[in-house]
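Reader: Before I use this model for my own calculations, I would like to go through its fold with you, one question at a time. Please give the cut-offs behind each term as it comes up.

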Amino acid sequence: MKKISMQVKLIVPLLALIFYPLQAAEAPVSISFPPPKIIGTPVPIKVPNLEKPGKQPTIIAPAGTVNLAANKKVTSSDAAPIIGDLSCVTDGDKLSDDGYFVELAEGKQWVQIDLGKSSPLYGIVLWHYHGQQRVYFNVVVQVSDDEDFLTNVKTVFNNDRDNSLGLGAGTNLSYIDTNEGKVIPLNKISGRYVRLFSKGNTSNAANHYIEVEVYGTP
Ligand SMILES: [Ca+2]
């Protein structure tokens, strides 16, 4: 019995050494994109610093990474949206039909997701609206542990090149929203709250959200 016990004592750490790298390995996060659906009349898109259409970047994250934003509480600078409900931002539905998006007032507006606790984050995916070719202006995405975004604010995306929002000028490119939304890989930053700004779009002055996903480990 003693001999077996010794063998077990040796084998267990050995197995742990073999499998640890597999467990710790990072892998691309599989993002579920809705089917494309362009329903509106095409509007000419003439926007400076516009990203060329192409493949979205990949979010690389460790095993156990999930969409921490799923069904989490959403607040907004516009507490009484014109169309839809703020809960649609995290309800998992990503279609662009009526009833699937929330429309916020004109001008500078934001939505904010409370992940419930601070967690390591590896990527954010957002869909404003993909029923028509549009560019949303002044897209800024921030992460913080401060609900009011006054301290320790990390800006992870900012294409507000002329500082229209007053948050500081960014260097990211403008982009046309599609069914693949916008994928923003993060380099393992921690935070509890995600706040997303915009200020109108190429079709109208309002602001829309279909869904926001925040990938991290609980
Ligand atoms: Ca949704």
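Reader: Which residue in strand 6 is the bridge partner of Val74?

Author: This is a predicted model, in which local features need pLDDT of at least 70, side-chain atom pairs count only at pLDDT 80 or more, and totals for chains, interfaces and linings use all residues. Residues are numbered from 1 along each chain as its sequence is written. Strand 4 (residues 74–76) and strand 6 run antiparallel and are joined by 3 bridges, where strands are DSSP runs of E of at least two residues, helices are runs of H or I of at least four residues, both are numbered from the N terminus, and two strands pair if DSSP finds at least two bridges between them. In strand 6, the bridge partner of Val74 is Ile113.

Reader: What pattern does the protein chain follow when it is read along the sequence?

Author: The secondary structure of the protein chain comes to 1 helix and 11 strands. Read along the sequence, the pattern is α-β-β-β-β-β-β-β-β-β-β-β.

Reader: Among contacts between residues at least 6 apart in sequence, what percentage join residues at least 24 apart?

Author: Two residues are in contact if their C-beta atoms, placed from the backbone, lie within 7 Å. Among contacts in the protein chain between residues at least 6 apart in sequence, the share that joins residues at least 24 apart is 79%.

Reader: How many bridges join strand 6 to strand 9?

Author: In the pairing with strand 9, Ser119 has Gly191 as its bridge partner. Strand 6 (108–127) and strand 9 (182–199) run antiparallel, and the number of bridges that join them is 14.

Reader: Why is strand 6 described as largely enclosed by the rest of the structure?

Author: A residue is buried if 20 or more other C-beta atoms lie within 10 Å of its own, exposed if 12 or fewer, and partly exposed in between, with C-beta atoms placed from the backbone. Of the 218 residues of the protein chain, 34% count as buried. Strand 6 is largely enclosed by the rest of the structure because its buried residues number 14 of the 20.

Reader: Is Asp160 buried or exposed?

Author: Asp160 lies in the loop between strand 8 (154–158) and strand 9, and its C-alpha atom is separated by 6.3 Å from that of Val139, 21 residues apart along the chain. Leaving aside neighbours within four places in sequence, Asp160 is in contact with residues including Asn138, Val140 and Leu165. Because 25 other C-beta atoms lie within 10 Å, Asp160 is buried.

Reader: How far apart in space are Asn163 and Asn138, C-alpha to C-alpha?

Author: Most residues other than glycine have a negative phi. Asn138, in the loop between strand 6 and strand 7 (140–144), has a positive phi near 55°, and Asn163, in the loop between strand 8 and strand 9, has a positive phi of about 55°. Asn138 counts as buried because it has 22 C-beta neighbours inside 10 Å, whereas Asn163 is exposed, with 12 other C-beta atoms within 10 Å. Although 25 residues separate Asn163 and Asn138 in sequence, their C-alpha to C-alpha separation is 8.2 Å.
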